[in-house]
Amino acid sequence: MPETIQAYLEAVREQIRWKRARPVLARELERHLEDQRDEFLKEGKSPEEAERLAVEDMGDPVTVGMELDAVHRPRPQWGLLGLTLTLALAGAILRVVFHQSYHASPARLLVKSLAALGLGTVAMLGMYIFDVSRLVRHAKTVYIGALAAGALTLTLHRAAVSYYTRYVVLLYPIAYALWLYSFRGKGWRGLLLSILGRVPLALICSMAPSTTGLLLLWFSGLVLTLLAAWQDWFGVGKWKSTGVTLAVALSAPAVLISQGYLHSFRQRLQIALHPELDPKGQGFFGWILRIFWAEVPPLRQHGSAGAAVNAGARIRICVDSTHVPEKAMPIDFSHDFLPASMAVAWGWIPLLVLVAALTALFVWILVKGLRQTYLPGRFVVLAAVITLAAQLVLSTALNLGFVLFSASLPLVVGNLQTVLDMALIGLTLSVFRGESITREEPDAPPLPRRRLRIRLEYQ
């Protein structure tokens with residue numbers, strides 16, 4: 001039997017096979033042993049005897065270690081892993097089937113799709129075995145790194161936009177969730193700094209430009225900050241912090257309106273709702289999609305003419321009242337519009353099944369995430385689900401002909417976005433995998449509320 005606390009802890013650690021659990025359990029056990037030692041010291045025992053008695057009262061270290069090993073084991077998430085991999089594989093197949101681009105051969109498409117699937121699988125499994133508490137401990141470093149990555153990719157242009165920045169901003173809700181948690185218990189200063197943390201991220205989104213990323217950041221930041229404020233994370237009162245959060249959130253649209261963006265947004269919204277008003281301009285894709293959906297049956301028979309409508313298909317547009325075709329216009333249904341291509345070829349029921357499977361996956365993750373007692377893990381899961389669900393909602397609306405924001409169906413597009421989506425899901429599964437050992441960090445002592453006292457004296 002060991003006679004010192006450190007020797008006892010070392011013997012216990014040797015019985016625990018999960019490396020990630022060892023330091024967490026050892027810290028808890030050490031605190032308990034130190035409490036027992038302090039009790040013996042109060043009874044007048046010497047320090048050596050008090051430590052020896054505390055160790056003896058705890059019991060055999062091998063038995064204790066084996067009991068802890070049996071209870072604290074990684075919780076595999078086979079169901080979520082399997083469903084994610086199945087959907088990603090389905091996306092790779094769909095991309096090869098429907099992406100008949102003039103600039104890529106089927107063999108090249110197959111290689112690119114398999115590469116995205118392989119890299120996504122590696123990213124998901126890598127994040128799955130990752131200790132999410134490391135991100136929490138280095139939250140501000142993660143935030144600065146995400147900001148630097150966005151700024152760096154702004155220099156990489158493709159078709160007059162910062163192509164890779166549009167993917168980097170998909171990680172901004174996670175970075176902001178960690179930034180937000182790092183100011184817990186910091187009073188008014190923490191609340192204001194946490195809110196201001198969205199500004200640099202929003203600037204990167206605007207410079208890309210990525211309207212979808214900006215909308216995602218605004219919405220996810222609002223939800224996360226409101227949840228933190230309602231739980232009084234900052235120690236200033238939940239009503240005060242909630243009011244400030246709402247006031248700042250509503251000020252952003254007010255600034256855009258004051259700068260004249262309201263008219264532009266109204267025009268885009270009108271064309272999105274009625275694309276036939278501008279069929280040769282901004283309403284082109286929406287108009288074509290409305291025509292397609294008007295003729296899409298629940299299931300299409302094999303070999304029907306609709307199966308030829310896919311990426312690279314060309315249609316002729318009548319540009320005047322004589323309905324004489326002026327020119328052929330190409331439609332690329334390879335990325336954002338791949339779901340519409342699938343529905344036109346196979347009918348809307350297969351697409352409905354695919355969307356339902358994605359919805360089930362995200363709801364499953366969300367429900368498990370909201371049950372987490374580890375607050376940083378809960379916020380990481382919520383940020384990831386908001387990111388994935390926003391892609392699903394915006395992509396569905398886009399493919400139905402509501403062309404307002406660009407978005408691709410998560411896990412299905414088969415490019416870098418698939419890799420990032422799978423990495424986000426892997427990070428959420430890491431939270432679930434380690435939920436038996438994750439513990440909340442001690443709350444930072446709230447800052448004292450200062451009151452101004454004025455004393456008047458009359459001579």
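**Entry 1: salt bridges**

I began in helix H3, where Arg-52 and Glu-56 sit 4 residues apart, about one turn of the helix. Helices here are DSSP runs of H or I with at least four residues, numbered from the N terminus. The model is predicted, so I kept in mind that local features need pLDDT of at least 70 and side-chain atom pairs count only at pLDDT 80 or more, while totals for chains, interfaces and linings use all residues. Residues are numbered from 1 along each chain as its sequence is written, and side-chain values use heavy atoms, with hydrogens and water left out.

The side chains of Arg-52 and Glu-56 meet in a salt bridge at 2.9 Å, N to O. The rule I used asks for a side-chain nitrogen of Lys or Arg within 4 Å of a carboxyl oxygen of Asp or Glu. Arg-52 also pairs with Glu-49, with the closest N and O atoms 4.0 Å apart. I found Arg-52 and Glu-49 both in H3 (residues 47-58), 3 residues apart.

The cut-offs are under 20% relative accessible area for buried, over 50% for exposed, and partly exposed in between (1.4 Å probe, protein chains only). Arg-52, at 27%, also counts as partly exposed. Through shared partners, salt bridges join Glu-49, Arg-52 and Glu-56 into one network.

I then looked at Asp-38, which forms a salt bridge with Arg-37, the closest N and O atoms being 3.5 Å apart. Asp-38 is partly exposed at 31%, and Arg-37 is partly exposed at 24%. The count by this rule comes to 3 salt bridges.

**Entry 2: the cavity**

How many cavities of 30 Å³ or more does the structure hold? I noted 1. A cavity is a set of points, on a 1 Å grid over the protein atoms alone, where a 1.4 Å probe fits but cannot get out; lining residues have an atom within 4 Å of a point. Volume is the space filled by probe spheres set on the points, which are joined across faces, edges and corners. The largest cavity has a volume of about 30 Å³, and its lining includes Ile-271, Pro-275, Gln-282 and Val-403.

**Entry 3: Leu-420**

Leu-420 is buried, with a relative accessible area of 15%. Leu-420 and Val-168 are 252 residues apart in sequence, yet 8.6 Å apart in space, C-alpha to C-alpha.

Terms used. 1 Å grid on protein atoms, 1.4 Å probe; cavity = no way out; pocket = protein on both sides within 12 Å on 5 of 7 lines; lining within 4 Å. Helix = DSSP H or I, 4+ residues; strand = E, 2+ residues; numbered from the N terminus.
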